[in-house]
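Me: Please show me the chain and its model, and then let us go through the structure together.

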Amino acid sequence: MKNEVTEKLEVFLQNLRCEDAKRETLVHLDSCQKEAERLAGLEEQYTQAMDGLEQRSRAILEHYIEQILSKAFAE
């Protein structure tokens, strides 16, 4: 029973977080904006580094980054 309740709560919270991202009441945190700017600043360096890697290494890093993003979304 506990797992079922936890799962339903998790689905509810995910839906709440992801729905209507353009609404006026959406909270925009300054820390998120700063992190987005830092990430944008690293994008060109990241692209250059990935272009310099062999295909196998690039695939491993891409898979790793996808998993990091998945974990961050879940948190």
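Reply: Helices (H or I, at least four residues) and strands (E, at least two) are DSSP runs, numbered from the N terminus. The model is predicted, so local features need pLDDT of at least 70 and side-chain atom pairs pLDDT 80 or more, while totals for chains, interfaces and linings use all residues. Residues are numbered from 1 along each chain as its sequence is written, and side-chain values use heavy atoms, with hydrogens and water left out.

Me: In what order do the elements of the chain run from the N terminus on?

Reply: The secondary structure of the chain comes to 3 helices and 0 strands. Read from the N terminus on, the elements therefore run α-α-α.

Me: Which residue forms a salt bridge with R38?

Reply: Side chains of opposite charge can pair when their charged atoms come close. A salt bridge here is a side-chain nitrogen of Lys or Arg within 4 Å of a carboxyl oxygen of Asp or Glu, and a search of the whole structure finds 1. Both partners lie in helix α2 (residues 30–51), 3 residues apart, about one turn of the helix. The closest N and O atoms are 2.5 Å apart, and the partner of R38 is E35.

Me: Is E35 buried, partly exposed or exposed?

Reply: Buried means under 20% relative accessible area and exposed over 50%, with partly exposed in between (1.4 Å probe, protein chains only). Because its relative accessible area is 45%, E35 is partly exposed.

Me: What share of the residues of the chain count as buried?

Reply: The chain has 75 residues. By the cut-off already given, the share that count as buried is 1%.
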